[in-house]
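Here is a short briefing on one structure. Look at the model first, then work through the points below.

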Amino acid sequence: MNRSLRRGIADLACRVLQAALPPSLQSWGQAIRCETADIPDDTEALRYALESFCGLMPRALAWHLLRPFASLTGDGPPFHGDPIMMNLFHATLRRPRVTGVASAIGAVALGLVYMALAGAPMRYLGINASALLLGLALLALLGRSLPGGRRLTTAALVAMAGALLATALLGHSVDGAARWVRLGGFSIQPSLILLPAMLVAFARCRNALTTVGMVAAAMALAGQPDRAMAGMLAVGLAVLAIMRRDRFVVAALCASIAGFVATVVRADTLMAVPYVDGILYSSFEVHALAGAAVMGGSLLLLAPAIVGWHRDSPNRESHAVFGALWLAAIVAAALGNYPTPLVGYGSSAIIGFALSLLALPTLEGAHDTASTRACSEADTTPPDQHLLTGLA
Amino acid sequence: MVLAALLHANGEWSHGYELARLADVKSGTLYPLLIRLEAQGYLEAEWQQPSEGGRPPRHAYRLTASGMQLARDNLPVDSGTPAMRIRKAAA
């Protein structure tokens, strides 16, 4: 990397950081930029700029995401030493689900920015916004404490697998692919709604019957056929097998790999749907801001997993599976004609993302070794039960 | 270490890069800390014009009286190591 390029990247990082910082901290962004410019060594200047960027950008993003909520809690300049904002920021990081909610809101909002810039019908924007409200409402409703048991959890997971099988056999078919169900004039994709929650729940709760459910889900996705979802299942289970291998995971993983191979062998001739498929690249052709919104919104989906991985080591399996499955969905959307989760038009992924948050721990470290054991009363935590009960 | 480095400056103005080196912290750690210290009244900051032309102005920092007290009350347990590091880096 030559000298001017290093200087250019350093200055760009400083400018982006300065622009992202809240108004009360803009002078600090300027200070970092000037300080960087004064460092004689180019490599050292680049390192200084990038470290500053990494150190302050998460806070800048958190400030933007939490600003609407902060305005509800009182006045005063946000973030700049404001204990309300700092407390909100730290409280958010300690709660994987709250981090996920903030990520969902941010991703959907960025998706709306993309769709508005791309000229999508207003109806699409309304549907995505409504799906977010519905997903968050379900999250709030199903997340409340209710008594439940292992049998109920198992039954619910198997029922969800049954729903996926039913979709493959009886669902709305387009060009040989049966992935959708028609509801009130809308097409929803059950696999996008159910599979993420099933995967994260399976990461925390495993037994013979839930494994049967996952195998059935693999068969259903192979039959639909849906490479993106089959790949999501295989990747999620592979990550789980790496982190916590047992006979249940291995059996489910083998089935999921077989299912994914089956989808790859079969031709997928579905054409790209505007504002749904293939927007990770095409959004930059619309406008640089639209592209940045799509990329930024996609990256936000991984935030709960990254935060949880770093701050909640007892539940790393759940966070890793969560991150892997949504990363798989993003990669699938980049490689083929599959829905671009949350930032693209479509309600299923938005609801699915919200529901998958229910299977994450409520508080970092709160369920110490829950994910390290096979399914038992102890690790069938209330959130999972509510999720599965509600979806069954 | 950042407080120790600022205390070691003994009321003189310090700059970000210099502080990061003296305290042996990354700038991504340094600036959030400086921001917080300033917001809490432990640190004052000012813009300084460059001594030679063509250079950018620089943001400079020093502890306030309460900041000095805070730094004295929170000196690292291993007091020899940071001081040695500061002297070494300053040399």
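Which residues of α2(B) are buried? They are B:Gly16, B:Tyr17, B:Leu19, B:Ala20, B:Leu22 and B:Ala23. This is a predicted model, with an ipTM of 0.85 and a pTM of 0.61.

**Helix α2 of chain B**

- Helix α2 of chain B covers residues 16-23, and six of its eight residues are buried, so the helix is largely enclosed by the rest of the structure.
- Buried here means under 20% relative accessible area.
- Just after α2(B) comes B:Asp24, with a positive phi of about 55 degrees.

**Nonpolar cores**

- The largest nonpolar core has 78 residues. Within this core, A:Met198, A:Leu199 and A:Leu342 touch the most other members.
- Helix α8 of chain A, residues 190-204, gives the most to this core: ten residues.
- What does A:Met198 touch, leaving out residues up to four places away in sequence? Its contacts are A:Leu157, A:Met160, A:Ala161, A:Leu164, A:Gly213, A:Met214 and A:Ala217.

**A:Val249 in helix α11**

- A:Val249 sits in helix α11 of chain A, which runs over residues 247-265.
- A:Val249 counts as buried because its relative accessibility is 0%.
- Beyond four places in sequence, A:Val249 touches A:Phe202, A:Arg206, A:Leu237, A:Leu240, A:Ala241 and A:Arg244.
- Take A:Leu237 from that list. A:Leu237 and A:Val249 are twelve residues apart in sequence, and their C-alpha atoms are 6.7 Å apart in space.

**Cavities**

- Rolling a probe the size of a water molecule over the atoms shows where empty space is left.
- How many cavities of 30 Å³ or more does the structure hold? There are two.
- The largest cavity has a volume of about 40 Å³.
- Its lining consists of A:Leu192, A:Ala228, A:Met229, A:Ala329, A:Tyr338, A:Pro339 and A:Pro341.
- By class, that lining has seven nonpolar residues, no polar ones and no charged ones.

**The second largest pocket**

- The second largest pocket holds about 1,100 Å³ of space.
- It is lined by 45 residues. Closest to its centre are A:Trp180, A:Ser187, A:Ile188, A:Gln189 and A:Ser348.
- In chain A, the elements giving two or more residues to this lining are α6 (122-142), β1 (172-174), β2 (177-183), β3 (186-188), α8 and α16 (347-358).
- Which element gives the largest share of the lining of the second largest pocket? That is α6(A), with seven residues.
- The lining divides into 29 nonpolar, eleven polar and five charged residues.

**Confidence in chain B**

- Chain B has an average pLDDT of 81, and 82% of the residues score at least 70.
- Where in chain B is confidence lowest, and where is it highest? The lowest is helix α5 of chain B, residues 80-90, at a mean of 48. The highest is strand β3 of chain B, residues 58-63, at 92.
- Over residues 86-91 of chain B, pLDDT stays under 50. The model has eight contacts for these residues beyond four places in sequence.

How values were computed: Residues are numbered from 1 along each chain as its sequence is written. Chains are lettered from A and ligands numbered from 1 in the order in which they are written. This is a predicted model: local features need pLDDT of at least 70, side-chain atom pairs count only at pLDDT 80 or more; totals for chains, interfaces and linings use all residues. Side-chain values use heavy atoms; hydrogens and water are left out. On a 1 Å grid over the protein atoms alone, a cavity is a set of points where a 1.4 Å probe fits but cannot get out, and a pocket is an open set with protein on both sides within 12 Å along at least five of seven lines; lining residues have an atom within 4 Å of a point. Grid points are joined across faces, edges and corners, and a volume is the space filled by probe spheres set on the points. Ala, Val, Leu, Ile, Met, Phe, Trp, Tyr, Cys and Pro count as nonpolar, Asp, Glu, Lys and Arg as charged, and the others, Gly among them, as polar. A nonpolar core is a set of buried Ala, Val, Leu, Ile, Met, Phe, Trp, Tyr and Cys residues joined through side-chain atoms within 4.5 Å. Buried means under 20% relative accessible area, exposed over 50%, partly exposed in between (1.4 Å probe, protein chains only). Helices (H or I, at least four residues) and strands (E, at least two) are DSSP runs, numbered from the N terminus. Contact means heavy atoms within 4.5 Å. pLDDT is the predictor's confidence in each residue, from 0 to 100.
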